[in-house]
Amino acid sequence: MTHSQPEPITPPENFPVTWENPDDAKLPWSRDRSHNPDPVTAMEASLGEKVGPVGIRNAMQFFGMPVGQSRARRINTYAYSANLPPALPPAEMAARGQQAQQKIMDRVSRLETVWQEQLAEYDRQFAAWDAFDFRAAGLPELLAHLDDSMQRGAHMFGLHLMVGFPYLMALSHFEDYYLELFPEKSALDAHRLLQGISNKTIEAAHALWRLSRQAVALPSIRQILAERAPAEVIGALEQSNDGRAFLAQLSQYLDMYGHSSDGVSWIAARHSENPTSIILQLQEFIKPGTRDPIAATARLAQEREQALADARSHLHGYPQAVVDRFELLLKSAQLASVISEDEHFYNTFKIADRLRRVLLAIGRQLSETGVLAEPADIVHLTLEELRETVNALPNIDRRSLVTARKAELEYWRHVNAPEQLGTRGPAAGGRAGASPMGRAGMKKFGPPPPATEANLVRGHAGSAGLARGTAKVIRTLDEAGKLQPGDILIAETTAPPWTPLFAVIAAVVTDTGGVLSHSAIVAREYGIPAVVGTGNATQVIRDGQMLEVDGSAGVVRLLPTEEII
C-alpha cells in the first residue's frame, strides 16, 4: 500500500511567504475563516499564540484526548494555525480517542449540570478579574495584570472547549438519531425541533428591536436615524430632550450587551466604546419592510411545538427505550442550541472585553508619554514589543512602527489569502469526519465546498426555504447600511453581533460553515433560507446580482434579470 507523502504548498504570487523558522514551512498551516476572515493586528496574533494553544491543551487533557502540537502564526497579517497529532501508535490513539468520546458523552448526558457549573465558574473568574483597580495601577502593575489576564483567558478558553465539545455532540447526536427514526426527513427537519428557543444572541436582538420601536414612535428620533450617518447620530441626539432620553436607553442596552464587537476578535473595539455598528443596525430596523424578530421567534416556537407533537405522535407505539432516548437527546440538544450562542456572550466577548481594558489602560499611559499617538494603537504592537517599550521608556517612540503596521493591514486586507500554507500533510483517507466528534465538527465548520458551476454556487443546506433577491456582499458591519429589506446577505461568515441583520434580509449565503454554524442557526431562528460553506460566494457573487437561494438544497442560482418578477 502506498501512502501520500507531505507535499510543499506553493503560495500564490501575490502572497509570498518568508518563514522566520524554516521548520514552520514543513507544517500544514490553515486559515480559520469562520473566526478570523480578516487580517488581525500584531497584538491579536501575539495573544493568540500565547492564549489559544494553552486553552486547547487544557481542554484536550481534561478529556484525555491525545495531545499533539497546536501552533499559531500571523502570516501576511492573516491568522494561521497548525495542529499536529501526537506521535502515538495507532492502537493507542484509537483507544484514547474512544475514552475521550466516552467522557464527552458523559457530559452530554448531564449537560444542564455541566452548564450551570460552568456559569458559576465564569462568575467567579470575572469577579476576580474585575477586582483589579485600574486607577491606582502604574505600568508594572498593569503588565502584571496583563500576564494574569492572559492566564485567566487561557483557562476560560479551555472551559469554552470543555462545554463546546459536549454541546456540539449533543446537537449532532440528536440530528443523527432523528434521521434514524425519520429516514424520510432531512437534517433541517431535525433542527426545527430546536428553533424558537431564546438565547443571549436572540435576547440582544430583541432588546435592540424594542429600542428601535421607541425610535419609530418619536418622529424627531426616527428622522435623525433615517437621515444622519451613523457617526453623526449621537451628536444629533444630544441636542434635544427626547434625544438625550433615547441615548439613556441606548446606554442601558450597551451596559448589558456592549462588551461585544463586530466579530469575535479578542481585542477589537467594543460596542460600548464605539456604538456605530449598533446605531447602524437601529437604522436598519426602522426601514419599512423589516421583520419583527420577536414575532418571528414566537412563530418559530409554535412551529417547533407542532413539529414536536407530530414527531411524538409518530413515535407512539415505539419501544419505551426508543422514546426515552429521543426525549433525552432532544432535551440535551435544545439546551445545546442555547449554549452554542450563550458561550459567545459569557466567554468570548467578556474575555475580549477584559483583555482590551488592560491593553487600553497601558496604551493610555504610553500615549501620555508620546510613545503612541493614541491608546488604541497598542494593538499594533506584539507582546514582546510592548515589554521592550516599557523597559526602554522614555527613550523610545513607536508611532512610526504603528503607522507602518496600519498600512500593512490595509494592504493585505485587499489580498485573498490562501486557505493552506506550508506543507500538505499525508492524506487522511477521507476519515476526518469518521468519528462522532469529527462528524460534529464537520457540521459546525462545514465539509469541503462543492464545485461552483456556471451561474450556480453550491454550498450546504443551512436553513430551509426559497428566496429571491438582490445580492449584497458584506465583509464588515460597517457595510451593513447598504442592505435593504429583502436583500440577500453574502458574507464570509457571521458572528452574533450580526444577528439583527437577519430581520432585514431575505436569505444568507456564506463562504464558511455547516449546519451547526452561527449563520445557519440564526437563519433558522429567523425563518429565512441559508446556504453555508460555499467556499467562494464572496468572490463569485457581486453586489446587485439577482439570486435565488435554495436553503434546503444548499444551492444559489445567479439569475438573469428577466427571471426576476
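Biologist: In β13, which residue is the bridge partner of L547?

Modeller: This is a predicted model, in which local features need pLDDT of at least 70 and side-chain atom pairs count only at pLDDT 80 or more, while totals for chains, interfaces and linings use all residues. Residues are numbered from 1 along each chain as its sequence is written, and side-chain values use heavy atoms, with hydrogens and water left out. Strands β12 (residues 546–550) and β13 pair in the antiparallel sense over 5 bridges, where pairing requires that DSSP find at least two bridges between two strands. Within β13, the partner of L547 is L558.

Biologist: Which residue in the turn of the hairpin formed by β12 and β13 has a positive phi?

Modeller: Strands here are DSSP runs of E with at least two residues, helices are runs of H or I with at least four, and both are numbered from the N terminus. The hairpin of β12 and β13 leaves 4 residues between the two strands. The residue with a positive phi, of about 75°, is G554.

Biologist: Which residue in β13 stands opposite V457?

Modeller: Strand β6 (residues 456–458) also pairs with β13 in the antiparallel sense, over 3 bridges. Of the 5 residues of β13 (residues 555–559), 4 are buried, that is, under 20% relative accessible area with a 1.4 Å probe and protein chains only, whereas over 50% is exposed and anything in between partly exposed. Opposite V457 stands V556.

Biologist: Are α6 and α9 roughly parallel or roughly antiparallel to each other?

Modeller: Two packed helices are described by the angle between their axes and the distance between the axes. Helix α6 (residues 200–217) and helix α9 (residues 241–257) pack at about 175° with axes 11 Å apart, the axes being lines fitted to C-alpha atoms over the stretch in contact and the angles running from 0 to 180 degrees between N-to-C directions. Angles under 35 degrees count as roughly parallel, over 145 as roughly antiparallel, 65 to 115 as roughly perpendicular and the rest as oblique. The two helices, α6 and α9, are therefore roughly antiparallel.

Biologist: Is T77 buried or exposed?

Modeller: T77 is found in the loop between β3 (69–75) and β4. Apart from neighbours within four places in sequence, T77 is in contact (heavy atoms within 4.5 Å) with P39, V40, E408, L409 and W412. Because its relative accessibility is 1%, T77 counts as buried.

Biologist: Is A87 buried or exposed?

Modeller: A87 lies in the loop between β4 (78–84) and α2 (90–109). Its C-alpha atom is separated by 9.1 Å from that of P66, 21 residues apart along the chain. With 83% relative accessibility, A87 counts as exposed.

Biologist: Which strands stand at the edges of the open sheet?

Modeller: The open sheet of 5 strands has the order β1-β5-β2-β4-β3, with antiparallel pairing. Each edge strand has a single partner strand, so one side of each is left without a neighbour in the sheet. The edge strands are β1 (7–8) and β3.
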